[in-house]
Amino acid sequence: MGMNPLEGGKTEIVAEIPDAQLFGYGTTLRSLTGGEGEFSYEFLNYQQAPSDVQEAEMEHRKNKLTEEV
């Protein structure tokens, strides 16, 4: 969505990303920024997942059910 310069030579990056993509982001960000990076997020809205993501989730849940039986 954009980048905003901040005091101290830092930059704020504003973006919209799927919640599933946040897993591990903090670790990656700290690694890329030498421990200096930080992030925050807030819920924006619900959207239908792409068909490949839906199919992968259904397959995962099906496999989980068959493992429990």
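The structure is a predicted model. The protein chain holds two helices and two strands, and read from the N terminus these elements follow the order β-β-α-α. The radius of gyration of the protein chain is 17 Å, whereas the globule rule gives 11 Å for 69 residues; the chain is therefore more spread out than a compact globule. The C-alpha trace spans about 55 × 25 × 15 Å along its principal axes.

The strands may be taken next. Strand β1 covers residues 2-5 and strand β2 covers residues 11-14; the two pair in the antiparallel sense, with four bridges between them. Within this pairing, methionine 3 has isoleucine 13 of β2 standing opposite. Five residues lie between the strands of the hairpin, and in this hairpin glycine 8 takes a positive phi near 80 degrees.

A pair of aromatic rings is described by the distance of the centres and the angle of the planes. With ring centres required to lie within 6.5 Å, the count of aromatic pairs comes to three. In one of them, the rings of tyrosine 25 and phenylalanine 39 have centres 5.0 Å apart and planes at 90 degrees; because planes over 60 degrees apart count as edge-to-face, this pair is edge-to-face. The pair links distant parts of the chain, its two residues being 14 residues apart: tyrosine 25 belongs to helix α1 (residues 25-32), while phenylalanine 39 lies in the loop between α1 and α2 (51-68). Tyr25 and Phe39 also form one aromatic cluster together with Tyr41.

Buried means under 20% and exposed means over 50%, with partly exposed in between.

Of the 69 residues in the protein chain, 6% are buried. The protein chain exposes about 6,900 Å², and carbon and sulfur atoms supply 53% of this area.

Key
Residues numbered from 1 in each chain as written. Predicted model: local features only at pLDDT ≥ 70, side-chain atom pairs only at ≥ 80, totals over all residues. Heavy atoms only, no water. Pairing = 2+ DSSP bridges. Phe/Tyr/Trp six-rings, centres within 6.5 Å; stacked < 30°, edge-to-face > 60°. Rg over C-alpha atoms; globule rule 2.2 N^0.38 Å. Buried < 20%, exposed > 50% of the residue type's maximum accessible area, 1.4 Å probe, protein only. Areas by Shrake-Rupley, 256 points an atom, 1.4 Å probe, with all protein chains shown as cover.
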